[in-house]
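I hope they are handy to have beside you as you look through it.

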Amino acid sequence: MRTRAVNEAAELSDDSRKNRERLWQRKFRPLTDLNLIDDFLFQAIAQTAEGEEFFRILLRTILNREIGEVRITAQKPYQGIDTDKHGIRIDAYIEEKYTAGTENTDREKDVVRIDEVESIIYDIEPTCYDLGESLPKRMRFYQGLMDVRTLEAGAGYEALPGTVIIFILPRDYFGGNRMVYTFRTMCEENTGIVCRDGTLKMVLYPGGTEGERSRELEELLHYFMESKQANAVRGDLERIHSIVEGVKRNAEVQRSYMKSWEIEQYIRKEEREEGIMEGREVGLMEGREAEREKSIRIMAETLREFGIAREQAQEKIREKFGLPAEKTMEYMRIYWN
């Protein structure tokens, strides 16, 4: 006999179920149709020889200053502080070393002063998905874990690098119709007093029309949403477009994209056949853990059948389901055989 709560969940789930059905039936998007806001394309660029040039242009346009030497790591993982704690995977991890002449000439605007911290770590996270209400605490968690994992044992706090976290979102999370939202630590009683803790957070919304923003940034964010030749309207964007088109033509990237799509579709098919899509809404009220475990089993078996390395598959499962490392390894022992 179903409980009242379960009945209510089932009745209220029609819209959600329809949304899920649309997800199951969505059409294949060729790699050539992807935009920079899409995770796969953005991360693929980070792994190319042109990645350094691409991100220097990107950061120079966003921060409006010259960028020094940078080192790029795509999809950099940060494990939790213990095996049962949550970790993160950064889309594009960029470390900039201080180079004379890269300071912002208007030092009051340069909240994270490169000449004071010697190096800055940038986390750039474009996403075409709705992050719900998690964005502020997500940025807080990213900041904290990056600090914990960066400071060496025995080092003083002054050794912490600067950190800049940048999210590029397709919707206006804060509702202010601004293209640029910048957050820094300051005194509430006197906002002219800034606590220079070496941190900065930015949220960029391509559709914003209020507040100050450069023409270059406006054009760049427009290109992020529609990465077409017609939108590569100046020198830097023409170079970015050349890099983007080169990645899209790369045979290895094309194979990787097709394989990721096939895996995703196969997992959806298996879930659909096992009734996970239909039962997931009620499963939020009863048996949620059983439904999740079934999805984990399907994903593990699918990744193994597609020849994905065990370590890579384990990381994908941990990331998708937000599992602690220890729990992920437990599932792998059960289902990876």
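1. The accessible surface of the protein comes to about 18,400 Å², and carbon and sulfur atoms hold 47% of that area. Please keep in mind throughout that this is a predicted model. Of its 337 residues, 42% count as buried.

2. On the overall make-up, the protein has 13 helices and six strands. Taking the contacts with a separation of 6 or more, 67% of them are between residues 24 or more positions apart.

3. After α4 comes Asn64, with a positive phi near 60°.

4. Next, have a look at Arg65. This residue sits in the loop between α4 (51-63) and β1 (70-78). Is Arg65 buried or exposed? Its relative accessibility is 7%, so Arg65 counts as buried, the cut-off being under 20%. As for partners, the Arg65 side chain makes a polar contact of 2.9 Å with the side chain of Glu96. Another polar contact, at 2.8 Å, joins the side chains of Arg65 and Tyr122.

5. Now to the charged pairs. Side chains of opposite charge can pair when their charged atoms come close. The structure holds 12 salt bridges. One of them is between Arg60 and Asp236, where the closest N and O atoms are 3.0 Å apart. This pair links distant parts of the chain, with Arg60 in helix α4 and Asp236 in helix α8 (residues 235-249), 176 residues apart. Arg60 has 25% relative accessibility and therefore counts as partly exposed; Asp236, at 24%, also counts as partly exposed.

6. With a relative accessible area of 17%, Glu219 is buried.

7. Glu219 also forms a salt bridge with Arg234, whose closest N and O atoms are 3.0 Å apart. Here too the pair links distant parts of the chain: Glu219 is in helix α7, while Arg234 is in the loop between α7 and α8, 15 residues away. Both Glu219 and Arg234 are buried. Through shared partners, salt bridges join Arg60, Arg215, Glu216, Glu219, Arg234 and Asp236 into one network.

8. Turning to the aromatic rings, a search of the whole structure finds 10 aromatic pairs. In one of them, the rings of Phe174 and Tyr181 have centres 5.1 Å apart and planes at 50°, so the pair is tilted. Phe174 forms a tilted pair with Phe183 as well, with 5.1 Å from centre to centre and 50° between the planes. Tyr181, in contrast, counts as buried at 10%.

9. My last point is helix α12 (residues 310-321). Its 12 residues should span 16 Å at 1.5 Å a residue, and its end C-alpha atoms are 17 Å apart, which agrees. Which residues of α12 are buried? They are Ala313, Glu315, Ile317, Arg318 and Phe321. Just after α12, Gly322 has a positive phi of about 65°. For a side-by-side view, compare this helix end with that of α4, where Asn64 follows with its own positive phi near 60°.

Key. Residues numbered from 1 in each chain as written. Predicted model: local features only at pLDDT ≥ 70, side-chain atom pairs only at ≥ 80, totals over all residues. Heavy atoms only, no water. Helix = DSSP H or I, 4+ residues; strand = E, 2+ residues; numbered from the N terminus. Buried < 20%, exposed > 50% of the residue type's maximum accessible area, 1.4 Å probe, protein only. Polar contact = N/O pair within 3.5 Å; in protein donor to acceptor, adjacent residues only side chain to side chain. Phe/Tyr/Trp six-rings, centres within 6.5 Å; stacked < 30°, edge-to-face > 60°. Expected span 1.5 Å × (residues − 1). Salt bridge = Lys/Arg side-chain N within 4 Å of Asp/Glu carboxyl O. Contact = heavy atoms within 4.5 Å. Areas by Shrake-Rupley, 256 points an atom, 1.4 Å probe, with all protein chains shown as cover.
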